[in-house]
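Have the sequence and the 3D view open as you read.

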Amino acid sequence: MAETKELPLMEKIVALCKRRGFIYPSSEIYGGINGFWDYGPLGAELKRNVKELWWNTMTRLRDDVVGLDATIIMHPQIWKASGHVDTFSDPMVDCKTCKGRFRADQLDEIPCPQKPSKTVAQCPGEKTPPRAFNLMFQTWVGPVQDESALAYLRPETAQAIFAQFKNVLETSRQKVPFGIAQIGKAFRNEVTPRNYTFRSREFEQMELEYFIRPDEAVEAICGRVAAVEELLARGPLGEPQPDWGWQAWHKYWVEERIRFYESIGLPRETLVEYWQKPEELAHYARATVDILFKFPFGKRNERGELIGEELEGIAARSDFDLSQHERYSGKPMRVFDEELRAAWAKLDPARQQALWQRYFEHRKNYLTRTARPGETPEQIERAAREDADAFAKGHYIPHVIEPSAGVDRLVLALICNAYAEDQMPDEKGNLETRVVLRFHPRIAPIKAAVLPLVRNKPELVRKAIEIRDTLRPHLTVFYDDAGAIGRRYRRQDEAGTPFCITVDFDTLGEKGPELKDTVTVRYRDDGRQERLRIDALLPWLLERIR
Ligand code: GAP
């Protein structure tokens, strides 16, 4: 990022996004609607590239992850089982002076509507006591709008994965450990949407639920659970191993996800690996790592430095979710693990007893935490005993590691990271300030622009169109013949196009046969130019954008 000053940089980015067609306010002709954003032609391409790269990395390039594309509206019991109906809320306060409605935990970050130089916490208006505000959008399914028809727009894509776990397992020929990935819309009625698209009311998520064996099963099969500290002392974790417990898998996914962000152009120094403190963990999480990106806004440390805002959360969710769906739906979520059954038979009785006991304690703990009114300790004990007995025969509910990322936050991070202002000579050689988006070619909305030097020379235009048509099936190409060539370069710089291909008189062989059928390729970042043969263009470009 070219500048460190918070407001001007963000304002410039927002203005550029609007001007160049990355992001528009939704419903703008009617005054907009708070917390909703549309992606214009360049934004739609950028977003599509981000999702495609995530999908390829997480599913197509792996043997152990398959995809899902589920509905946005699901059976409302799903949200009861997941805990969203009862606990997915933010503390909200009303200001009696300005009539504004705010999140109680963010009062010292939000500008006061009456005195924007102050925060809401500093503004004198009397506030109501905080009350819980559920973030789920409600709707009704069918013609009758009563309690029985109530449904929710999903606030996360994850729950559909849990609800379809058994179907996917049975139809995909996968075995634990394996994952199910999904990209899709999520909706949250955020009390105070803010920071541009960062906190929106409608957004997209890219979520993986990766199902693993409980540690007791790993220990029964491998004789031990690899100590994560020892593994980490040897360096990056590398390929998954059978003796990994949940901690190694969790760390593995943190490493994988950071590698992904680096591969699409977010430098490591812009990312922060933040381990949530025990008091910050969600009720289902054993550990959560947030990957933060240093956006040009957000919280600062005591030295005034930006500390980063969440791009993605990677949670170790134990067997909480599948257990909840088993209890609420009455449908079994256990898997049968032949390796566990075979290994168990070979364990000595003391080892069997120790592992049985640990598994029993784990299940009892879960069942106690989620006990329904009227459920007695004896009933809980009996259920936990049944689970542990089933475990000894090879049956268990898999545990889950969940890397959950936001598409819109990532798109915003990529734009903020790419934004730069520098000096570049104009056509007369005078230095001028230009705005450039230095996207990694992998995610750039347009990979190459094809530009005939002039538009009034038919052979030149014909040649340029021929090149565009050859490249078009393989990469996103933009054809532009309007205006001076320097101006066209600047337009592509602002769009983040890494390569401009100029078709000129040399291409036609007018200055000699040796340059015939060659073009100029201009690099976005430093304006450097080189000449390439037209027939070498496609492989040259493909090598640089993959
Ligand atoms: N299934 C877990 C889950 O949904 P989360 O931390 O609430 O966890 C995951 O959300 C990711 O979704 C976040 O890291 C963020 O990137 C994105 N996200 C969440 N709320 C958002 C919002 N209001 N606007 C944009 N993105 C959001």
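## The ligand shell

Which element gives the largest share of the shell around the ligand? That is S13, with five residues. This is a predicted model, where local features need pLDDT of at least 70, side-chain atom pairs count only at pLDDT 80 or more, and totals for chains, interfaces and linings use all residues. Residues are numbered from 1 along each chain as its sequence is written, and side-chain values use heavy atoms, with hydrogens and water left out.

The ligand is surrounded by 20 residues (a heavy atom within 4 Å). Glu 156, Arg 188, Glu 207, Glu 310 and Leu 311 are the closest. By class, the shell holds 10 charged residues (Asp, Glu, Lys, Arg), five nonpolar ones (Ala, Val, Leu, Ile, Met, Phe, Trp, Tyr, Cys, Pro) and five polar ones (the others, Gly among them).

## Polar contacts and cover

Polar contacts here are pairs of N or O atoms within 3.5 Å. A side-chain N or O atom of Glu 207 lies 2.6 Å from a ligand nitrogen atom, and one of Gln 205 is 3.0 Å from a ligand oxygen atom. On its own the ligand has 550 Å² of accessible area (Shrake-Rupley, 1.4 Å probe), and the protein covers 90% of that.

Gln 324 touches Ala 81, Tyr 366 and Thr 370 (heavy atoms within 4.5 Å), leaving aside residues up to four places away in sequence.

Definitions and conventions:
Polar contact = N/O pair within 3.5 Å; in protein donor to acceptor, adjacent residues only side chain to side chain. Helix = DSSP H or I, 4+ residues; strand = E, 2+ residues; numbered from the N terminus.
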